[in-house]
Amino acid sequence: MRLREFLAALLVLRRQNRRRLLLALQNELRVVQDADEIGAAGELLADPSDKVRVAIALALSEVDHPASVDMLLAALASNEKRPMTLAAVASGLGTLGYEA
């Protein structure tokens, strides 16, 4: 459950040490294969910060799991007006080999 601890810390520390926490989360996601934990991380694709959204989209692109694709697909519509995030989401889907 380390991933949930990272998520909780990230939500609490919006500014302080956020970059370090995002890097830790990205490293943790590389080894996660649990749909619930991937879904919890995917919830950050709705974070107010584009930097967080981009980091999560890129991290999810490294997790070859159907839940990663589901989270990224759901993020397409909600990030339509956020070009940086949308590009990261689309790139993540391409990395995972998703074809529309």
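Let me begin with a term: a salt bridge here is a side-chain nitrogen of Lys or Arg within 4 Å of a carboxyl oxygen of Asp or Glu. In this structure, which is a predicted model, that rule gives a count of one salt bridge. The pair consists of aspartate 50 and arginine 82, whose side chains meet with an N to O distance of 2.5 Å. The two residues are 32 apart and so link distant parts of the chain, with aspartate 50 in helix H4, residues 50-60, and arginine 82 in the loop between H5 and H6.

Helix H5, residues 66-78, and helix H6, residues 83-95, pack at an angle of about 145 degrees, their axes being 9 Å apart, and H5 passes H6 in a left-handed crossing. On the H5 side the contact is made by Val69, Leu72, Leu73, Ala75 and Leu76, and on the H6 side by Leu86, Val89, Gly92 and Leu93; of these residues, eight are nonpolar, one is polar and none is charged.

Which residues have the most contacts inside the largest nonpolar core? That core has 22 residues, and the ones in question are Leu29, Leu45, Ile56, Leu60 and Leu72. Two or more residues come from each of helix H2 (18-29), helix H3 (35-42), H4, H5 and H6, with H4 giving the most, six residues. Leucine 72, if we set aside neighbours within four places in sequence, is in contact with residues including Leu45, Ala57, Leu60, Val89 and Leu93.

Technical notes. Residues numbered from 1 in each chain as written. Predicted model: local features only at pLDDT ≥ 70, side-chain atom pairs only at ≥ 80, totals over all residues. Heavy atoms only, no water. Axes fitted to C-alpha atoms, helices over the stretch in contact; angles between N-to-C directions. Helix = DSSP H or I, 4+ residues; strand = E, 2+ residues; numbered from the N terminus. Left-handed = near helix turned anticlockwise from the far one by under 90°. Contact = heavy atoms within 4.5 Å. Nonpolar A, V, L, I, M, F, W, Y, C, P; charged D, E, K, R; others polar. Core = buried A, V, L, I, M, F, W, Y, C linked by side-chain atoms within 4.5 Å. Buried < 20%, exposed > 50% of the residue type's maximum accessible area, 1.4 Å probe, protein only.
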